[in-house]
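The following paragraphs lead the reader through one protein structure, shown below. Please keep the sequence and the coordinates in view while reading.

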Amino acid sequence: MRAVSVPTWGLTHIALAVRDPQRSLRFYQAVIGVIAVYEDDQFVQAQTPGSRDVLVFERRTRGAGKKGGVAHFGFRLQKAADIEKARHAIRSAGGSITETGDFIPGEPYVFFKDPDGYDVEIWYEIPTSVDPPTRSATRSSRKKVRPPRTRGASA
């Protein structure tokens with residue numbers, strides 16, 4: 001079997017179960033200088049300036065701070081057009097796709113389970129204002145207000 005892979009920016013985000021997303025945001029702002037790039041009452045998406053890493057603080061009181069409190073982890077595509085290649089790679093490798101679509105136009109995603117049952121995401125995100133510059137920095141950054149990037153909230 002020939003390996004099929006898709007270029008990404010690497011492991012770029014982790015979603016954590018937290019009691020209070022705003023409290024977690026304030027903590028990580030103070031510790032590592034994250035900037036909120038999307039907020040609502042159920043989660044905050046924060047990014048470290050000059051990088052592509054994202055911390056998602058999801059309101060999930062039962063899992064907060066416990067081993068296993070990681071909701072999912074994700075890999076950010078370099079090009080939106082590679083989403084179908086990613087879906088093919090997941091299926092070819094024996095992964096199980098659980099959800100796929102577009103968060104907003106231009107931001108496709110796929111959630112899947114790996115062989116051990118971990119929830120993983122591959123998605124494309126329109127560049128944000130705190131992403132590091134790229135050689136082709138001609139695209140405009142997405143607006144701060146947009147629909148949530150994560151799946152439905154659960155407590």
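Is tyrosine 109 buried or exposed? Tyrosine 109 is buried, with a relative accessible area of 8%; buried means under 20% relative accessible area, exposed over 50%, and partly exposed in between, with a 1.4 Å probe and protein chains only. The model is predicted, so local features need pLDDT of at least 70 and side-chain atom pairs count only at pLDDT 80 or more, whereas totals for chains, interfaces and linings use all residues. Residues are numbered from 1 along each chain as its sequence is written, and side-chain values use heavy atoms, with hydrogens and water left out.

A pair of aromatic rings is described by the distance of the centres and the angle of the planes. Rings of Phe, Tyr and Trp (its six-membered ring) pair if their centres lie within 6.5 Å; planes under 30 degrees apart count as stacked, over 60 as edge-to-face and the rest as tilted. By this rule there are 6 aromatic pairs. Phenylalanine 103 is buried, with a relative accessible area of 12%. Elsewhere, ring pairs link Phe27, Tyr28 and Phe57 into a cluster.

The helix H2 comes next. Helices (H or I, at least four residues) and strands (E, at least two) are DSSP runs, numbered from the N terminus. In H2 (residues 83-92), the buried residues are Ile83, Ala86, Arg87, Ala89 and Ile90. Seen down the helix axis, these residues fall within an arc of 160°, so they line one face of H2; the arc is that of the directions from the helix axis to the C-beta atoms. Their cover includes strands E5 (70-77), E6 (96-102), E7 (108-113) and E8 (119-123), where contact means heavy atoms within 4.5 Å. Glycine 94, which follows H2, has a positive phi, near 95°.

Strand E5 leads on to the strand pairing. Two strands pair if DSSP finds at least two bridges between them. Strand E1 (residues 8-18) and E5 run antiparallel and are joined by 6 bridges, with threonine 8 partnered by leucine 77 in E5. E5 and E8 run parallel, joined by 4 bridges, and phenylalanine 75 has isoleucine 122 in E8 as its bridge partner.
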